[in-house]
Amino acid sequence: MDHRVIGMSRDIQIFQDGKLRETRSLADGTYRLGRDPSSDILLADAAVSKTHATLTIEQGTFIIKDAGSANGIFHQGKKIAEQTFQNTLDIEIKPFTLRITDASRPKPEKGNQAGGFLNRIQIISLANIKASSFALVFAIMLFTLIAGYLPLKKQATGFQREEVLKTGILLARYLGEINRPFLADRTSAMVRVTPVNAEDGVIYAVVVDADGRIIAPKEKQGDFFDWEALAQAFKEGKLTIGEGAQNEKIIFYPVRQQTQTLGAAIVGFAGLPAAGETIGMGGMGYFLLTILFCLSILVSYLMTKAFLNPLIALNEHVEVAIKEGRAALDFKAPYKELDHLKRAFDRLLMRKPPSAPIPEENNHPSTERIPASASPAPDMGLHQKSESIGSSPPQMNELKSPWCVIDRETYTLRRISDNFGQLPGSPDRKAGMHLIEAFDADMIQAVSQLMEAKNEEMLTVVQGEKTYTLRRIENPAEKNNVTLVFEDNIS
């Protein structure tokens with residue numbers, strides 16, 4: 001019976017194939033790990049022994065001990081039998097990874113809050129890489145639109161100025177013509193400024209006599225219209241456009257009868273920037289544009305850092321692993337795409353040299369070359385889906401096509417047929433070689449795809465002038481291996 005001591009608990013995270021499966025709180029004591037349902041920490045996988053290991057926790061000290069398992073315990077790629085850890089724990093019982101973080105680590109000081117904020121942004125960016133990319137593209141597009149807004153606004157304002165002037169000229173002409181009969185008959189009481197004075201953009205509308213004295217509206221009747229260019233406009237006797245004291249456009253339309261000037265219609269329109277003036281968004285607009293530009297640069301920097309920093313870290317871990325001869329990388333990929341790359345490096349690091357023997361493992365037959373006439377017969381039941389499991393499967397020695405058995409974990413050849421050297425690639429293939437040594441790039445891609453596919457059991461690949469059909473055969477007795485048959489499609 002395991003002894004538990006009530007005290008400070010530690011959270012242990014259990015990952016399976018890189019995905020967090022469970023988080024548990026463990027108090028001080030001893031725990032049994034394995035696939036047996038009665039285990040304290042259940043690791044339900046065929047690769048895990050029933051009683052795989054024991055974990056003892058005592059005041060921040062973690063002691064992991066192998067209980068005679070078949071596949072062992074790994075730390076930083078190295079197999080361990082028993083090891084003591086302080087405050088943290090990070091071990092692999094494949095396909096599981098068990099981690100306990102350092103609960104005694106002090107919280108960041110206030111001086112590091114800025115760095116913590118940037119780290120949180122980076123973590124959020126990595127967790128939502130597609131949304132972050134969209135946000136970056138959206139920010140750049142928004143900046144581009146605003147940057148192009150200025151010249152477009154200037155052009156639009158010019159068009160608007162022309163339309164305003166056209167409207168003002170038409171209203172002034174209309175005001176003058178409706179009052180022409182009354183000016184000719186000198187019936188001042190009939191002169192009016194409606195409905196022109198009610199039009200949009202009209203600040204004022206007046207009708208003056210030939211001396212510049214206002215006739216209408218009645219509330220200003222008898223006053224002189226205050227405009228410095230009025231006398232010159234009467235003298236020229238033609239349509240005139242000028243600037244008023246309220247920054248309005250003054251549109252002067254003379255009413256003439258033969259050579260005599262009867263008066264004039266004057267309309268004041270709400271002013272627009274003059275043609276020579278600078279048109280922009282103002283000080284606040286430029287300030288906001290500057291803020292947006294700085295934010296775009298910051299987002300671009302954080303996104304670049306979020307992508308490049310993990311790649312740099314992965315490169316450093318690879319160099320260290322090669323120098324120290326490790327069998328795996330001690331690197332946690334922050335996002336899925338980089339985890340695929342990390343796993344590919346792990347496979348390369350786990351590759352055994354052709355001359356090195358592959359260790360014997362439970363449920364794994366010998367890895368030496370086996371002639372096609374004497375090779376053992378993996379179960380073909382999954383390939384022939386209609387067959388029952390208990391029926392007699394076809395024997396591998398009945399196959400005339402080349403075949404091989406590949407280790408799912410290390411991607412190395414465990415067994416090959418006698419005629420396996422007939423395939424394109426290295427003629428010196430032998431058991432223990434890694435896929436990258438045994439095949440060329442196209443065949444490696446096809447083999448990897450077929451091994452990792454869950455539903456695919458057949459794939460076609462073209463090698464030069466030949467076409468091969470790759471068939472995958474599952475053997476329930478060898479879950480860690482997969483058998484591939486290479487059939488030459490003769491046209």
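Start by selecting helix 5, residues 282–324, which gives the most to a nonpolar surface patch, with four residues. (Helices are DSSP runs of H or I with at least four residues, strands are E runs of at least two, and both are numbered from the N terminus.) Before going further: this is a predicted model, where local features need pLDDT of at least 70, side-chain atom pairs count only at pLDDT 80 or more, and totals for chains, interfaces and linings use all residues. Residues are numbered from 1 along each chain as its sequence is written, and side-chain values use heavy atoms, with hydrogens and water left out.

Now pick F307, L308, L311, I312 and L341: together they make up the patch, with about 400 Å² of accessible area. Patch members have over 30% relative accessible area and no salt bridge; like charges are joined within 9 Å, and nonpolar side chains (Val, Leu, Ile, Met, Phe, Trp, Tyr) within 5 Å. A salt bridge here is a side-chain nitrogen of Lys or Arg within 4 Å of a carboxyl oxygen of Asp or Glu. Areas are Shrake-Rupley with a 1.4 Å probe, and for residues only the protein chains shown count as cover.

Zoom in on L311, which sits in helix 5. L311 counts as partly exposed because its relative accessibility is 38% (buried is under 20%, exposed over 50%, partly exposed in between; 1.4 Å probe, protein chains only).

For contrast, jump to N179, in the loop between helix 2 (129–178) and helix 3 (180–185). Is N179 buried or exposed? Its relative accessibility is 0%, so N179 counts as buried. Leaving aside residues up to four places away in sequence, N179 touches M190, V191, R192 and V207 (contact means heavy atoms within 4.5 Å).

Next, the sheet: five strands in the order 17-16-20-19-18 form an open, antiparallel one. Strand 17 (413–416) and strand 18 (458–463) are the edges, each pairing on one side only; pairing takes at least two DSSP bridges between two strands. Select strand 16 (residues 403–407) and strand 20 (residues 481–489), and you'll find five bridges joining them. D407 stands opposite N481 in strand 20.

Last stop: helix 8 (residues 441–452), lying across strand 16, strand 18, strand 19 (466–473) and strand 20. Helix 8 runs at about 175° to strand 18, with axes fitted to C-alpha atoms (for helices, over the stretch in contact) and angles from 0 to 180 degrees between N-to-C directions.
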